[in-house]
Every structure is written in structure tokens, then in C-alpha cells.
Amino acid sequence: NMKNENAIIKTDFGNANGKSVDLYSIQFPNELEVQVTNYGGIVTSLKVPDKNGVMEDVVLGYDELQGYLNETPYFGALIGRYGNRIAKGQFELEGETYDLATNNNQNHLHGGIKGFDKVVWEVIEVVDEENRKGLSLKYVSADGEEGYPGELTTIVDYIFTPNSFEITYEATTSKTTVVNLTQHSYFNLSGNASEDILGHELTINASLFLPVDNTLIPTGELRPVRDTPFDFTNPKLIGEDVNATNEQIGFGGGFDHCWVMTEAPTAQIRKVATLSHQQSGRSMEVHTKEPAIQFYSGNFLDGTITGKNEKVYHQRYGLCLETQHLPDSPNQGQFPSTVLKKGETYSTATKYVFSTSN
Ligand code: GLA
């Protein structure tokens, strides 16, 4: 039977939080091959062809679950409840002050000590059609978990096609809360992390970015990228300005900033960034409904992590393009709201589209 020839394969990936977790292998032969675990919704491997048709892995990660359990800079993970930083781990909502973990110097980062990247997601559906394959993941976060109000029910669909990775996020809450979900894959289109990402060319369709303080919290200003190292409105090599003498580059240790495409979420998914690596011929577009995107140039990677296939991840061996609402929105009333109320549905989508040229 044609349909089953490339069926999704589920294998045991070990145990986390007292639960067994699985690894799902999804393949479109010679086009896209991916592995995903329901621990943290982590994409552990994503292979696409280079210009010679050679399938190689374009994301960073570990060979074994243990790597993700030990310590990981969020390789491949689903991030929640709040992607990016909340200043001093505090915010006010409907007259109440909420205290979150300060797990990034004095700030809160990526949902806290045990964010959505460290929980076991329930696989509620496996989609296994000819050109659409993937998982529907569900996690119910208890009221008060990591300090956030409201029981939050989140459903994330990961759908793969022969050339794309499409993510749909939905969440509902029992009480007013804040939500900002994202995906934290580290990309390196050279394949198997064979070099740093400074030779990748990047375009970001945004004319504004958020300057930060020295703890990476936005100052509140939306600054034009024009005539700054943050101008990626035309394709530019990442290495060109990553070490520029510039206060903002200094604070980030390179690029670790949020680019703002629009000052409100859109109902339409649209292209916001393009990454390409000339030598391999691989390119990736990022499309999203979100108003902003964090571009992190892997500055904190420092050669202390050995990832898949014995590869040492040196500084800037991977980069993240995390679609999202603006960091610290719960404390910055002028930013688009991240508040979700009971009875409402948080709903957003992002897709990464791959292609190869000569
Ligand atoms: C995000 C942050 C970075 C860093 C990485 C994880 O992208 O913006 O500063 O913390 O996550 O290492």
C-alpha cells in the first residue's frame, strides 16, 4: 500500500519526569526528514538536501534524550508560557502582582525553571498523509505553574510537508494570563554544523528593532534599523556586522534582539525572514502571523556543548529565528498585548519553508 511506505515511525526515546517519551521519525525521502520528541516538543533533527541532493541535518541538538535533560540552551524546543524575557520576573495583571522565576540574571526567560521545553506533551493526534505529516501536541499547565495565573491548555500542531515545517499554536485559559509561545530551533544550513553561521545571508523584513538594556530587556523604544548593524532589509551576511562597534551589539554579544514587523499581530501569515547559505545551496524562509521575531546569533554557544555526531558547538554555530510578541510586553503597555482572557483563544502560526538552489 502506497500510503504506508513512508509512514511515521515511533520509537522509545527514554523517560522524563517519570513518563516515557517517544521519538517520531517523519520522512519525505530526499526532500525532508525530521525527528521530533514529545519531551519539550523538541525537533531533534531536520534534514534537507543540499545542491547535490545530499541530505544533512540543519538543526542543532543532542543524540540522546539525556542531553536535553542535563542542560540545553533550548535546542529545538517549544517555548512557553512566555518566550523571551520578562523584566525582573514580575508583572501586574488586573491589579495583582505576579512573581516568576528569575532564571536569566535578574530576569525571567522562556517560561521559567521548568517551562514548556521541559515538560512531556501528550500526543493527541498523529497526522500521516502523503504530503502532510506530523503531530498534535497538548499540554495543560496548572494554575500558578511557574508563577503564572490560570490553567492554560495549549495545543501545538507540528505539520511537515516535503519542504516545510508548519506550527500552529492555540491556547485557552481559566483566568486572565499572559502567553507568548515560540519555537527555539537552532539552524545551521551548512549541514551537520560544519561551520559557524556567519557566512549565512539573512533578510529580515522589518524596519524597526527593539534596543535593549544590558540585561537584554527592551528599553521601550522602537528604533529604525536604517543605518545600523540591525538593517537586514536587504540580504546581508550575518558576519558582516555581528562584531560591529555598537552599544546594542555589545549588550547582545552579537545579535540577540527583537525585530518588529508590525505593531500588531496580523491575521495573515506572511514572509518575514529569509536565510540562505550559498555554498550548500540551502535556503529557509520564515513566515508568521506574529508581530516580531527574535534573531539570536548563537552568541552564548562557547564550545562546551558536544551535540549530535560528536560535533562541538562553538560560538555562533547555530542561530534562532523565534517568531513572537515583543519581549517584556506584560510590563510595556505600548507593545501589542500578550494578555489572554478566559473565553478567548490564543491562536497563531509560523512556518519555516526550505528550498535548495545551485
Ligand atoms: C534566547 C535569548 C538568548 C539566549 C537563548 C538561549 O534566544 O534571547 O539571550 O538566552 O535564548 O541561550
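Visitor: What should I know before we start?
Guide: This model is predicted, so local features need pLDDT of at least 70 and side-chain atom pairs count only at pLDDT 80 or more, while totals for chains, interfaces and linings use all residues. Residues are numbered from 1 along each chain as its sequence is written, and side-chain values use heavy atoms, with hydrogens and water left out.

Visitor: Why is the contact of K118 and D117 called a salt bridge?
Guide: The term asks for a side-chain nitrogen of Lys or Arg within 4 Å of a carboxyl oxygen of Asp or Glu. K118 and D117 have N and O 2.7 Å apart. That is within the limit, so the name applies.

Visitor: What makes E129 and R132 a salt bridge?
Guide: Their N to O distance is 3.8 Å. That still falls within 4 Å, so the pair qualifies. E129 is partly exposed at 40%, and R132 is partly exposed at 38%.

Visitor: Which residue forms a salt bridge with D241?
Guide: K236 does, with the closest N and O atoms 2.8 Å apart. D241 is buried at 18%, and K236 is buried at 9%. By the salt-bridge rule, the structure's count is ten.

Visitor: What else does the charged end of K236 do?
Guide: The charged end sits over the ring of F232, 4.3 Å from its centre. The rule wants NZ of Lys or CZ of Arg within 6 Å of the ring centre and within 35 degrees of the ring normal.

Visitor: How many aromatic pairs are there?
Guide: The structure holds 26. Rings of Phe, Tyr and Trp (its six-membered ring) pair if their centres lie within 6.5 Å; planes under 30 degrees apart are stacked, over 60 edge-to-face, and the rest tilted.

Visitor: Why is the pair of F160 and F165 called stacked?
Guide: The centres are 4.7 Å apart and the planes stand at 15 degrees, so the pair is stacked. F160 is buried at 1%, and F165 is buried at 0%.

Visitor: What makes W259 and F295 a tilted pair?
Guide: The centres are 5.7 Å apart, with 50 degrees between the planes. W259 lies in strand β21 and F295 in strand β24, so the pair ties together parts 36 residues apart in sequence. Strands here are DSSP runs of E, at least two residues, numbered from the N terminus.

Visitor: What makes β11 and β20 edge strands?
Guide: They belong to an open sheet of nine strands with antiparallel pairing. Each has a single partner strand, so one side of each is left without a neighbour in the sheet. Two strands pair if DSSP finds at least two bridges between them. Strands β14 and β29 pair over eight bridges, and F165 stands opposite Y352 in β29.

Visitor: How do you know how many disulfides there are?
Guide: A disulfide is a pair of cysteine sulfur atoms within 2.5 Å. The search of the whole structure finds zero. The sulfur of C258 is 13 Å from the closest cysteine sulfur, in C320, too far for a bond. C258 is buried at 2%, and C320 is buried at 0%.

Methods. Buried < 20%, exposed > 50% of the residue type's maximum accessible area, 1.4 Å probe, protein only. Helix = DSSP H or I, 4+ residues; strand = E, 2+ residues; numbered from the N terminus.
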